Amino acid sequence: MFLLLEILFGIGMFSGIITGLLSVGGGFILIICLLMIPPLFNIGLALQTITVFSMIQAIFATVSGAIYYLKSKLVDRSIVLYMGLSAMLGGATGSFFSQFILDSVLKIIFAAMAMTASVMMLFPSKNPDNEIE
């Protein structure tokens, strides 16, 4: 059990650092790490369990990042409220339905989204002059 806690701590630190540096979804990094690293130590985790870890980690990472960005006045509070409420509703809906979907199907969905995001990062924004500041 102690080995698992050490692995989880290391993965949490790594995903938190990457999230802070790149402002990427910490869950994205965390899920990849939790899918790849524990099996190296003969520890298997279901994707539903990994998703719960990701959601809990997101709470801590979000609060710490939000404090910094709010103090730096880099946040449009109306957008955050609008998107935050819809994200909360979407998260609750997705969590409910995840219990009915096979682990292998969830992995395929995650892999497809990760690949799509990776490819999209290779292309520049179509309208860089129209970005929201």
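Predicted model: local features only at pLDDT ≥ 70, side-chain atom pairs only at ≥ 80, totals over all residues.
## Ser 15 in helix α1

Helix α1 spans residues 2–22 and contains Ser 15. The relative accessibility of Ser 15 is 0%, and because buried means under 20%, this residue counts as buried. A polar atom of the Ser 15 side chain lies 3.2 Å from the backbone oxygen of Gly 12, a separation that falls within the 3.5 Å used for a polar contact.

## A nonpolar patch on the surface

On the surface, a nonpolar patch is formed by Val 52, Ile 56, Ile 59, Phe 60, Val 63 and Ile 67, which together have about 580 Å² of accessible area. One of these residues, Ile 56, belongs to helix α3, which runs over residues 47–71. With a relative accessibility of 44%, Ile 56 counts as partly exposed, since that class lies between the 20% limit for buried and the 50% limit for exposed.

Helix α5 is made up of 19 residues, 103–121, and its first and last C-alpha atoms are 27 Å apart, close to the 27 Å expected at 1.5 Å a residue.

Which residues of α5 are buried? They are Leu 106, Phe 110 and Ala 114, and because they cover an arc of only 65° around the axis, they sit on the same side of α5. An α-helix has 3.6 residues a turn, so residues three or four places apart point the same way. Ile 108, Met 115 and Met 120, by contrast, are exposed on the other side of α5.

Conventions: Residues numbered from 1 in each chain as written. Heavy atoms only, no water. Helix = DSSP H or I, 4+ residues; strand = E, 2+ residues; numbered from the N terminus. Buried < 20%, exposed > 50% of the residue type's maximum accessible area, 1.4 Å probe, protein only. Polar contact = N/O pair within 3.5 Å; in protein donor to acceptor, adjacent residues only side chain to side chain. Patch = residues over 30% accessible without salt bridge, like charges linked within 9 Å, V, L, I, M, F, W, Y side chains within 5 Å. Areas by Shrake-Rupley, 256 points an atom, 1.4 Å probe, with all protein chains shown as cover. Salt bridge = Lys/Arg side-chain N within 4 Å of Asp/Glu carboxyl O. Expected span 1.5 Å × (residues − 1). Arc of directions from axis to C-beta.
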